[in-house]
Amino acid sequence: MPRRRSTPLIRMSRIDDEPLYRQLRNGLIGAIEQGTFGPGDLLPSSRTLALETGVSRNTANLALQELLTEGFIQSVDRVGYVVSLDVGPFVAAQRKPPGTPINWEARFRDTTDPFPHMRKPSDWSSYPYPFVVGQPDPSLFPTRAWNRASRAALDPENRSNSLNDLIDQDDSLLTALLCERILPARGMSATPDQVLISLGSQQGLFLVSHALVGQESRVGVEDPGYPDARHIFSRRRGALRALPVDDQGVVVDGTVDDLDVVFTTPSHHYPTNVTLSVGRRQQLLLSAADKDFVVIEDDYDAEFRYQGQPTPALKALDDTGRVIYLGSFSKFLAPGLRLGYIVADAPLIDHLRDLRRYMLRHPAGLLQRTVALMIESGDYAAGVRKTRVAMKDKWERVATSLAQHLPHWDIPIQTGGLSIWVPGPPGFDATAMAGRALARGIVIEPGDVCFLDKPRPVNYFKLGFSGIDTDAIEPGIRALAGLIAESAG
Ligand SMILES: Cc1ncc(COP(=O)(O)O)c(C=O)c1O
């Protein structure tokens with residue numbers, strides 16, 4: 001018959017974060033460690049434990065169950081719980097000092113980079129005046145058309161494309177429609193083997209950079225320019241060279257001659273929105289062919305041109321295959337869908353397909369087929385038209401409100417894009433202003449992150465208008481101008 005011992009003093013605390021049953025369990029383990037209960041000894045019943053420690057019987061039972069699961073005690077029929085005969089290893093494991101925490105930093109084999117990140121509050125949509133860049137206006141999303149297409153994507157004739165593991169392939173309907181309808185609108189012609197679907201143009205850039213940029217690569221980036229491109233290239237250890245930008249877009253002179261890669265946003269330069277002039281386009285393509293470098297064209301928001309026709313893509317003029325084109329569905333549908341595409345020579349597309357396969361196989365088939373069906377039905381084109389009209393309205397309001405409320409500032413308004421690049425006067429600190437503006441419900445984005453080299457100018461900021469309600473634009477700019485006047489005075 002097992003020896004019965006009385007309950008040791010187990011202190012329970014009601015203010016401790018640890019639940020009561022865990023406190024009781026720990027107290028009993030302490031008693032076993034100290035030998036109050038030895039192997040084979042009978043533990044007090046749950047009733048006694050509850051009475052003596054002031055917890056409920058349920059709690060006492062929970063503590064005993066836990067000890068049983070962990071192997072400290074065993075249940076003996078018609079007797080109760082006794083301490084396991086081989087309790088030693090369990091007690092030893094309990095006494096083991098906590099292991100050294102793992103040093104993850106020392107294990108990372110990839111590279112980070114020294115550049116600052118773009119800053120915008122994650123809860124931007126809860127502010128009354130969110131002039132954030134790159135965020136959508138949910139009221140413009142073609143919800144009904146989307147629902148129709150995504151339902152149809154599960155019809156018997158679409159189901160296998162939507163649901164099968166396509167391994168390294170894309171939805172053939174989407175790539176065919178891109179070639180038939182979307183790319184020709186940008187002046188381009190391509191065959192499906194020259195197209196790869198990506199998770200947004202950002203992933204397209206990541207894949208291309210992974211394939212073409214290494215430690216020995218010299219990469220030209222626009223300055224100011226798109227910060228995330230810089231992050232991606234420098235994480236591949238590419239040496240970055242700043243290419244200046246003027247009112248005709250990126251400057252193409254002898255400094256590009258020894259580069260391996262040039263990254264550019266020709267339709268609307270990020271962040272100034274300047275369109276690359278025809279002369280510069282020709283110069284860039286001639287230099288690329290002559291000096292044998294490749295050009296990555298990021299055509300992230302080309303359709304948003306508010307006067308005249310959109311300029312064709314740079315890729316439309318490319319007859320040597322040196323332009324790698326990145327397109328996106330983020331601006332016309334929604335960035336949260338994470339869908340874009342790469343257009344390039346077939347051997348490069350094959351290589352990128354292989355790379356993508358071992359990363360994620362392929363972007364979701366259901367998403368690809370849904371977008372394909374929207375393009376096929378004409379709903380996509382209708383949605384783009386509607387969004388463009390709405391964005392033109394917003395753009396006009398931003399332009400007139402800036403002229404009205406900041407009349408002494410010299411702000412170049414380009415005829416395209418989804419944001420305005422605002423140069424503050426000398427001495428203006430956009431980062432400090434962004435902080436003050438946020439406190440008044442106005443979100444603006446400091447532009448210093450767009451510059452490559454230190455000291456980065458601090459007087460610029462971005463005023464995005466895609467995500468803000470049209471009616472909030474004028475009051476938002478009025479409030480911002482009021483704050484600027486207050487801070488100057
Ligand atoms: C210049 C530029 N390139 C690429 C992207 C990324 O677009 P996506 O959502 O297609 O990855 C953005 C996003 O705002 C951008 O501004």
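Glu445 stands opposite Lys462 in strand S15, within the antiparallel pairing of S14 and S15 (residues 460-464) that runs over two bridges. Strands pair here if DSSP finds at least two bridges between them; strands (E, at least two residues) and helices (H or I, at least four) are DSSP runs numbered from the N terminus. The model is a predicted one, in which local features need pLDDT of at least 70 and side-chain atom pairs count only at pLDDT 80 or more, while totals for chains, interfaces and linings use all residues. Residue numbers start from 1 along each chain as its sequence is written.

**Sheets**

- The pairing of S14 and S15 belongs to an open, antiparallel sheet of three strands in the order S12-S15-S14. Strand S12 (419-423) and strand S14 (445-446) are at its edges with a single partner strand each, so one side of each has no neighbour in the sheet.
- A further open sheet holds eight strands in the order S4-S11-S10-S9-S8-S5-S6-S7, with mixed pairing. Its edges are strand S4 (195-198) and strand S7 (249-250); each has a single partner strand, so one side of each is left without a neighbour in the sheet.
- Asp246 stands opposite Gly249 in S7.

**Overall form of the chain**

- The chain contains 16 helices and 15 strands. Its radius of gyration, taken over C-alpha atoms, is 32 Å, well over the 23 Å that the globule rule gives for 489 residues, so the chain is more spread out than a compact globule. That rule is 2.2 Å times the number of residues to the power 0.38.
- Along the principal axes, the C-alpha atoms fill a box of roughly 100 × 60 × 50 Å.
- Of the 489 residues, 43% count as buried, meaning that 20 or more other C-beta atoms, placed from the backbone, lie within 10 Å of the residue's own; 12 or fewer make a residue exposed, and values in between partly exposed.
- Contacts are pairs of residues whose C-beta atoms, placed from the backbone, lie within 7 Å. Among those between residues at least 6 apart in sequence, 73% join residues at least 24 apart.

**Domains**

- The chain is divided into domain 1 (20-95), domain 2 (140-377) and domain 3 (382-488), with bounds from an automatic or database domain assignment.
- The centres of domain 2 and domain 3, taken over C-alpha atoms, are separated by 27 Å.
- Between these two domains, 25 residues of domain 2 are in contact with 23 residues of domain 3. On the domain 2 side, strand S5 (218-223), helix H10 (227-235) and S6 are the elements that give two or more residues.
- That side of domain 2 has 13 nonpolar, six polar and six charged residues. Ala, Val, Leu, Ile, Met, Phe, Trp, Tyr, Cys and Pro count as nonpolar, Asp, Glu, Lys and Arg as charged, and the others, Gly among them, as polar.

**Ligand surroundings**

- The ligand has 13 residues around it, of which Gly134, Gly200, Gln202, Ser328 and Ser330 come nearest. A residue is near a molecule if its C-beta atom, placed from the backbone, lies within 6 Å of it.
- Helix H9 (residues 200-212) contributes three residues, the largest share of the shell around the ligand.
- By class, the shell has four nonpolar, eight polar and one charged residues.

**Gly30**

- Gly30 lies in helix H1 (residues 20-33). Gly30 counts as partly exposed because it has 13 C-beta neighbours inside 10 Å.
- The C-alpha atoms of Gly30 and Val443 are separated by 56 Å, with the two residues 413 residues apart along the chain.
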